[in-house]
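Open your viewer and get ready to click through a short tour. Each stop gives you something to select and tells you what is there.

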Amino acid sequence: MSDGHRDGAEPVGIGELLERVRAKFVRVGPQEAAAAASDGALLVDIRYAELRERDGLIPGALVVERNELEWRLDPLGSHRAPQAVSHDLRIVIVCNEGYASSLAVASLRQLGLHRATDLIGGFQAWRAAGLPVEP
């Protein structure tokens, strides 16, 4: 008997999906993200324009809106950003509060970007930690 789901998977709530996704990688806090960036990791801000305009930017972060992320970070892609040079690149995804970024990391890992992670608490945690923000 079919449950009406095309792939046969049972429906899951977003909370459970986040738990499953996050269990597959180690997330970083604001200080760890800043240290990673100092060591050459690519910080990628996926917040939409209104939030960036309202709250500011992390200096040096690559801004890529969520709907373009995979296209811009795929090292094999024709629309990749110049920074997307290798599947071994360490990437820290930053969203506003640390939810959408976890789902984005899951997608990047499917592309083979095995060192991708996200910032716990997102941009808001970065700012609350007193780390640099520019208007």
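Begin by selecting Leu17, Arg20, Val21, Lys24, Phe25, Leu103, Ala106, Arg109 and Gln110, which line the largest pocket. A pocket here is an open set of points on a 1 Å grid over the protein atoms alone, where a 1.4 Å probe fits, with protein on both sides within 12 Å along at least five of seven lines; lining residues have an atom within 4 Å of a point. This is a predicted model, where local features need pLDDT of at least 70, side-chain atom pairs count only at pLDDT 80 or more, and totals for chains, interfaces and linings use all residues. Residues are numbered from 1 along each chain as its sequence is written, and side-chain values use heavy atoms, leaving out hydrogens and water.

Now colour the lining by type: five residues are nonpolar, one is polar and three are charged (Ala, Val, Leu, Ile, Met, Phe, Trp, Tyr, Cys and Pro count as nonpolar, Asp, Glu, Lys and Arg as charged, the others, Gly among them, as polar). H5 gives the most to this lining, with four residues.

Next, zoom in on Leu17, found in helix H1 (residues 14–22); helices are DSSP runs of H or I, at least four residues, numbered from the N terminus. Show its contacts (heavy atoms within 4.5 Å): beyond four places in sequence, Leu17 touches Val12 and Leu103.

Finally, draw a distance from Leu17 to Ser102: their C-alpha atoms are separated by 9.9 Å, though 85 residues apart along the chain.

How values were computed
Helices (H or I, at least four residues) and strands (E, at least two) are DSSP runs, numbered from the N terminus.
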